[in-house]
Amino acid sequence: MRAVFKREFRVCFQTVTGWLFLAVTLAFYFLYFYVYNLSYGNPYITYPLNSMTFLFLITVPVLTMRILAEERHAKTDQLILTAPVSVGKIVLAKYLALAAVFTAAMAVTGLSVLFAGSFGTVPYKENFVALSGFWLYGLTCIAIGTFVSSLTESQVIAAVLSFVFLFAGYMMGAVTGLISTSGNLLTKILNCYNLTDGLDRLSGGELDLTAVIYYISISGLFLFLTVQSIQKRRWSVSARRIGTGVFHAGFAAAAIIAVVLLNIVADTLPSSWTKIDCTYAGLYAISEDTKHLLSGLKEPVDLYVLAGESSADQQLDNTLRTYEELSPKVKVTYMDPAVSPNFYQKYTQDNIPVNSIIAVCGERSKVISYSDIYESVMDYQTYTSQTTGYDAEGQLTSAIQYVTSKDLQTVYELTGHGETALSGSFKEAIEKMNLNLQTINLLETEEMPQDCEAVIINGPASDLSRDDVDKILRYLENGGKALISTQYTTEKMDHLEELLAAYQLRLQEGIIIETDGSRYYRNPMYLLPEIASDAMTASVSDGYVCVPYAQGLSYPKQKTDDTEEETHVFAPLFVTSDQAFLKKDVENMQSLDKEKEDEDGPFTLGLSVTDTDTQAQLVVLTSSLMLGEEADSWVYGSNSGFFTSVVGSFVGDDGTSSLIVIPVKQYTLEALTIPRGTAVLAGIITVIVIPLSLLVLGLVIWIRRRRA
């Protein structure tokens, strides 16, 4: 067997075939790699790999057409039939020789991942899972090409038939979709020859063992059929030909049925057994908070998906099936709009897109629009929408909480003083917690509403009135909760300062400048403070929060009178380094250098105050920009994560995590920073120089052998 392998592997490189396969494969891969990864800085190689899928329908037949057809044409196949090595071992050795050539090409593409990693953060696990999927897909194509080569003695016919076989597998998903949009037994059987479905599963960053089983079983099946194709030629006596033909046909049919059944059974296994999340952001993993919620469900929850099963979003379907597996109370049902076009009108009169979900529990329901499942941004360079995040878990968990809860809690947002309204991820966090967000102008009401669970005062640009402060203080004295953010202004804010003074807090005039390079982002006034250990900061303790243009906040660090009973408990949340200083004269500031009148740090930027008598809770942040989308994006959503924890602690039954908010899981990492000259040079070498060198080397070897 080893001798056959060595001979076939050597033959691949003694002719042009092996060199041509390597050159074309690498040239096309690195062309796409240059466009997607080197030029645009994309850290994922799934794009160049998927772009090459159709190419294999052409290159694999060229590689495999001679492997057995040439033996029949030259009549050397008789040596196979009479060799002391079994036919199975000979076929396997020939297949492994071709697989080795293909594996060499894949090894080179794997080096491209390491090269890209030198220019930024690359999701290695995702990339290598995708590369493994493409490798398995290629090995399966080679097994099919090997089988076809055993059917004929013409290499041309073998190449054409291989293309037909591979093209059928490439198009099978589209064919079964035309047969039935909801899926049936026939489509399940036909999809056993859907060669690209497993590749799609592995390209998403999930190690799907059913896809691995599929490719291994299909490869094994076609190698077995190859052996049967050769074995049937052992018999030349006409009286026995019919009997042995039937015998081998029965073997082949049994093998095909066994592989079909194996893959159908594998697809029915729970995804928790067969899928391993390898994505950088844990796209397919379900958080412990969601698992806890699902395990505690007491009433059944129906999740209706407005789509046929065959046309369903595969990634979303995987997430839905995981929810179903985690709780016997959750049931997923697909409602094909072609069959039940008016089903959704029982729950909403709005037109909602295909693949939207309706969560139902008893009389309560909530619609999750498909457009909310994926987060997208507009690329204004290409004027195309780019999908950047996956929010299925966040939306589903929020919907389940909503339909299983009895009452909605209300949070009020103060207006009337130039406050900044919550937007983007901060407003989405409120919606995911199923809180009723209302605005309130205290000039229009005598007191804070009775249903107010918390009030948010986000960066007032003008001072509150005396009456406003009295109403807020009375609300807090009754155990209320408030989140207050401030902004630097030259306008007098006496009443706001009076509100803070009631809780022994005082704003320090000026703007803080950080001189510790590890404690600011781009600008010494975009602070990255130290995060104190607290229940509210636990979700962001491993990262950073950004606090731009902040003031300092002073509070009593110890009692001034030992006989006085202290009712206020202070918990610092964010603190600058001791190298920071407070720039006093901001209006006349000429530079960021420290001046004589400037005050030395450290400074408190965020603080929680709890009144032990009234149970009132106050969180004060010294920068309203901290609750803005720009600062939040700089720290990958940590600011909004902290905001979620604060609001959750205000309205949660246990003070910390009763309301679950799952943030959007980001698809993409930050783009790689590759110098233009480096990208162009790497492109020239990989797309032109290396493939041409391989091709020229192959031609030289072939010509020398022809002359010898």
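**Charges and cysteines**

Author: Cys452 is buried, at a relative accessible area of 9%. Buried means under 20% relative accessible area, exposed over 50%, and partly exposed in between, with a 1.4 Å probe and protein chains only. This is a predicted model: local features need pLDDT of at least 70, side-chain atom pairs count only at pLDDT 80 or more, and totals for chains, interfaces and linings use all residues. Residues are numbered from 1 along each chain as its sequence is written, and side-chain values use heavy atoms, with hydrogens and water left out.

Reader: How many disulfides are there?

Author: A disulfide is a covalent bond between the sulfur atoms of two cysteines. The rule asks for a pair of cysteine sulfur atoms within 2.5 Å. By this rule the count is zero.

Reader: Which cysteine has the closest sulfur to that of Cys192?

Author: Cys192 is buried, at 10% relative accessibility. Its closest cysteine sulfur is 17 Å away, too far for a bond. That sulfur belongs to Cys141.

Reader: How many salt bridges does the model have?

Author: Side chains of opposite charge can pair when their charged atoms come close. A salt bridge here is a side-chain nitrogen of Lys or Arg within 4 Å of a carboxyl oxygen of Asp or Glu. By this rule the count is 20.

Reader: How many residues apart in sequence are the parts tied together by Glu8 and Arg66?

Author: The side chains of Glu8 and Arg66 meet in a salt bridge, 3.1 Å from N to O. Glu8 lies in helix α1 and Arg66 in the loop between α4 (56-64) and α5 (69-73), so the pair ties together parts that are 58 residues apart in sequence. Helices (H or I, at least four residues) and strands (E, at least two) are DSSP runs, numbered from the N terminus.

Reader: Are Glu8 and Arg66 buried or exposed?

Author: Glu8 has 1% relative accessibility. Arg66 has a relative accessible area of 8%. So Glu8 counts as buried, and Arg66 is also buried.

Reader: Which helix holds both Asp197 and Arg201?

Author: Asp197 forms a salt bridge with Arg201, with the closest N and O atoms 2.9 Å apart. The two residues are four apart, about one turn of the helix. Both lie in helix α11 (residues 197-203).

Reader: How far apart in sequence are the parts that Arg201 and Asp267 tie together?

Author: Arg201 and Asp267 meet in a salt bridge (3.3 Å, N to O). Arg201 lies in helix α11 and Asp267 in helix α13 (residues 238-268), so the parts tied together are 66 residues apart in sequence.

Reader: Which helix gives the most to the positive patch?

Author: Patches are made of residues with over 30% relative accessible area and no salt bridge; like charges are joined within 9 Å, nonpolar side chains (Val, Leu, Ile, Met, Phe, Trp, Tyr) within 5 Å. The positive patch is formed by Arg2, Lys6, Arg10 and Arg705. Arg2 counts as exposed, at 65% relative accessibility. With three residues, the top contributor is helix α1 (residues 2-14).

Reader: Which residues form the negative surface patch?

Author: Glu431 lies in helix α19 (residues 424-432). Glu431 counts as partly exposed, at 46% relative accessibility. The patch is formed by Asp372, Glu428, Glu431 and Glu629.

Note on methods
Accessible areas come from the Shrake-Rupley method with a 1.4 Å probe; for residues, only the protein chains shown count as cover. Lys and Arg count as positive and Asp and Glu as negative; His and the chain ends are not counted. The place of a charge is taken as NZ of Lys, CZ of Arg, CG of Asp or CD of Glu.
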